[in-house]
Amino acid sequence: MFTFLLLAALFSVSLGANPHGYSVDQVAGLVIHDLDSNGDGQVSQAELVQELFIKWDSNNDSKVSHEEFVHHWVNTYHDHPDTTNTFFHNLDTDHDKFLTMTDIISHLPELDQNHDNHVTVTEFNAFLHVMHPDGHGHVHGQHVSVQPVGK
Ligand SMILES: *[C@@H]1O[C@H](CO)[C@@H](O)[C@H](O)[C@H]1NC(C)=O
Ligand SMILES: [Ca+2]
Ligand SMILES: [Ca+2]
Ligand SMILES: [Ca+2]
């Protein structure tokens with residue numbers, strides 16, 4: 001049993017997979033549940049902004065730093081720190097090491113594919129599969145290309 005656990009731990013570290021064994025689909029469900037403050041099963045832009053820039057912003061500078069993001073994501077969703085680093089890098093479209101409204105706006109076409117100002121579980125799931133290294137949508141060493149809105 002111990003050997004099995006040790007091997008399982010080594011295996012998951014080498015793959016950068018979630019140490020608790022959560023799949024990307026499961027994490028997407030957990031994230032939506034946390035972001036959906038009014039419980040209608042969808043995440044509005046207001047709910048997304050409130051969660052990120054109030055709850056995840058430990059030093060209250062209205063930006064989510066790399067450290068704030070990794071700390072919150074790893075603690076809440078039990079993801080591997082290396083995987084989370086890559087995920088943050090993919091989310092940080094302008095590569096300033098902060099998640100700001102600029103990054104969120106650039107992801108909106110993918111997050112909210114039918115443009116109704118809400119992100120459904122299905123939409124978030126698809127988004128996470130593109131952005132998250134365990135979703136197999138990311139080729140190592142390449143950035144996922146996203147077209148910013150209004151530029
Ligand atoms: C940030 O704001 C929250 C809520 O207003 C407060 O509890 C917390 O102490 C603040 N943190 C810092 C570092 O200012
Ligand atoms: Ca909601
Ligand atoms: Ca901050
Ligand atoms: Ca940024």
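Reader: In what order do the elements of the protein run from the N terminus on?

Author: This is a predicted model, where local features need pLDDT of at least 70, side-chain atom pairs count only at pLDDT 80 or more, and totals for chains, interfaces and linings use all residues. Residues are numbered from 1 along each chain as its sequence is written. The protein has seven helices and four strands (DSSP runs numbered from the N terminus: H or I, at least four residues, for helices; E, at least two, for strands). From the N terminus on, the order is α-α-β-α-β-α-α-β-α-β-α.

Reader: Which residues of helix 7 are buried?

Author: A residue is buried if 20 or more other C-beta atoms, placed from the backbone, lie within 10 Å of its own. Helix 7 covers residues 121-131. Its buried residues are Glu123, Phe124, Phe127, Leu128 and Met131.

Reader: Why do the buried residues of helix 7 line one face of the helix?

Author: Take the directions from the helix axis to the C-beta atoms. Seen down the axis of helix 7, the buried residues line one face because they fall within an arc of 130°.

Reader: How are helix 4 and helix 5 oriented to each other?

Author: Axes are lines fitted to C-alpha atoms over the stretch in contact, with angles from 0 to 180 degrees between N-to-C directions. Those of helix 4 (residues 66-77) and helix 5 (residues 81-91) come within 10 Å and cross at roughly 130°. Under 35 degrees is roughly parallel, over 145 roughly antiparallel, 65 to 115 roughly perpendicular, and the rest oblique. Helix 4 and helix 5 are therefore oblique.

Definitions and conventions. Chains lettered and ligands numbered in written order. Buried ≥ 20, exposed ≤ 12 C-beta atoms within 10 Å, placed from the backbone.
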